[in-house]
Amino acid sequence: MLSTLIYRSRACEPMSADALDGLIRQARARNASLNVTGLLLFDGVHFVQLLEGPAQSVESLFDTIGRDARHKSVVRLLRDHGPFRRFEGDEMAMVDLRDLAVTQVASLILEKMKKQARLAVSDDRVIKILTWYALARDTSHIVEGEDAANWRFVADEGASSEPCLQPGQTYQFALQPIVEPARRAITSFEFLIRSQSGGSPEQLFASVPPAQRYRIDLESKAFAFRLASRLCLDDIKLSVNLLPMSLVADPSAVDLMLDQIAGCGLSPGQVIVEITEQEAIVNQRDFGAAIERLRRAGIGVAIDDFGAGFAGLSLLADFQPDKLKIDRKIIQNIHADGPRQAIVRAIVEACAALGITPVAEGVERVEEWCWLQAAGVERFQGYLFARPALNGVPAIHWPQRTPPH
Ligand SMILES: Cc1cc2nc3c(=O)[nH]c(=O)nc-3n(C[C@H](O)[C@H](O)[C@H](O)COP(=O)(O)O)c2cc1C
């Protein structure tokens with residue numbers, strides 16, 4: 001199977017024409033034996049390379065190239081399959097963009113391509129990507145995070161817990177902070193529901209008859225607020241999850257929550273409801289009215305898992321929350337993934353235009369955090385900072401600059 005891969009990267013050091021020649025000679029010899037063809041663009045700082053050939057050869061070569069110490073910030077831009085090669089017969093065409101005027105770039109790339117590929121110019125993603133990167137002479141089209149080696153994560157001593165189940169307590173909650181590391185601040189705690197034995201929300205809700213799901217979803221929040229009160233979290237925001245239909249199914253849902261909040265000596269302004277969209281919203285009008293009631297009561301609203309399941313663009317178009325939590329599947333490996341980077345940059349821009357605070361969920365790697373910070377995300381949740389703690393506040397790991405050697 002013929003596959004095509006495009007990535008970009010940054011040269012670690014300035015590269016002379018001779019060094020570049022040497023790299024290309026070495027590449028061509030190896031590519032010939034691997035049956036790989038392609039194109040390498042270099043503008044003095046960034047590489048953009050296209051590799052095409054048998055899928056396995058392309059993948060293993062990309063793996064080798066990714067580990068090459070001559071460049072870093074390797075980001076995959078495209079992985080695709082096609083019926084023919086664009087650079088047939090060329091073990092690695094090279095275009096040194098430093099030698100070219102902007103007006104020459106697109107035609108030179110096309111010249112290097114096979115005739116068959118040139119015919120598809122107007123709607124060929126490969127040509128569009130190559131010319132997009134080749135023509136951009138400033139670097140605003142690229143976001144690169146700081147070097148992860150500049151940071152280490154150190155735990156604070158803030159952990160505390162409330163291990164005992166209270167009489168009649170049917171649910172438990174695990175707390176995970178949402179943090180703003182630049183201010184070393186906890187902006188809120190998310191209360192993640194667990195069963196009485198500590199099981200996941202999926203296990204918990206699977207054991208409940210569907211007809212009772214929404215009622216239990218609502219009632220369980222009382223335990224979260226009680227735990228917050230016992231842990232003396234009265235000056236920090238508390239995020240709780242709600243199924244959208246829990247708000248719609250019971251018209252008094254918001255009043256019930258307000259009673260729960262007041263009963264624990266908390267204030268509505270402290271609470272954020274995260275709308276978890278594991279199910280479609282059946283009745284948009286009733287849902288909109290329920291959101292309005294939350295707003296009027298002073299309760300904050302966040303869209304959870306944005307980009308997964310049903311939590312998509314139309315939900316954001318229909319109602320603008322205070323916070324938008326970007327799903328972990330989009331965050332995972334973002335430092336090396338071009339499509340994910342393009343999506344998150346667009347989300348951050350939309351959030352800025354709408355006054356919404358974006359939050360990255362499921363951050364596990366220092367590299368992910370470095371890239372997200374560079375892209376303008378300031379709030380984070382994930383194992384990198386803290387794992388959820390059952391009935392308590394976990395220790396939080398804060399980034400510290402590593403001392404220079
Ligand atoms: C930007 C860049 C592009 C490269 N392109 C190729 C290539 O197309 N084919 C190739 O065999 N090596 C390429 N290399 C070199 C490989 O990373 C690696 O050094 C080479 O394949 C030798 O690997 P080995 O030491 O495992 O044999 C490239 C290196 C860089 C920095």
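1. Arg-401 and Glu-146 meet through their side chains in a salt bridge, 2.9 Å from N to O (a salt bridge being a side-chain nitrogen of Lys or Arg within 4 Å of a carboxyl oxygen of Asp or Glu). Arg-401 belongs to strand β18 (residues 397-401) and Glu-146 to the loop between α5 (125-135) and β6 (151-155), so the pair ties together parts that are 255 residues apart in sequence. Helices (H or I, at least four residues) and strands (E, at least two) are DSSP runs, numbered from the N terminus. Arg-401 is partly exposed at 47% relative accessibility, and Glu-146 is partly exposed at 36%. Buried means under 20% relative accessible area, exposed over 50%, and partly exposed in between (1.4 Å probe, protein chains only).

2. The model is predicted: local features need pLDDT of at least 70, side-chain atom pairs count only at pLDDT 80 or more, and totals for chains, interfaces and linings use all residues. Residues are numbered from 1 along each chain as its sequence is written, and side-chain values use heavy atoms, with hydrogens and water left out.

3. The salt bridge count is 21. One of these pairs Lys-221 with Asp-217, with the closest N and O atoms 3.1 Å apart. Lys-221 is buried, at 3% relative accessible area, and Asp-217 is also buried, at 3%.

4. Arg-98 is partly exposed at 40% relative accessibility, whereas Asp-96 is buried at 16%.

5. The ligand is surrounded by 16 residues, the closest being Arg-30, Asn-31, Gln-49, Asp-68 and Arg-70; a residue counts as near if one of its heavy atoms lies within 4 Å. Polar side-chain atoms lie 2.6 Å from a ligand oxygen in the case of Arg-30, 2.6 Å in that of Asp-68 and 3.3 Å in that of Arg-70. On its own the ligand exposes 620 Å², of which the protein buries 79% (Shrake-Rupley method, 1.4 Å probe).

6. Elements giving two or more residues to the ligand shell are α1 (17-34), β3 (46-54) and α2 (55-66). The largest share, five residues, comes from α1. By type, the shell holds eight nonpolar, five polar and three charged residues, where Ala, Val, Leu, Ile, Met, Phe, Trp, Tyr, Cys and Pro count as nonpolar, Asp, Glu, Lys and Arg as charged, and the others, Gly among them, as polar.

Methods
A polar contact is a pair of N or O atoms within 3.5 Å; within protein, one must be able to donate a hydrogen and the other to accept it, and residues adjacent in sequence count only if both atoms are side-chain atoms.
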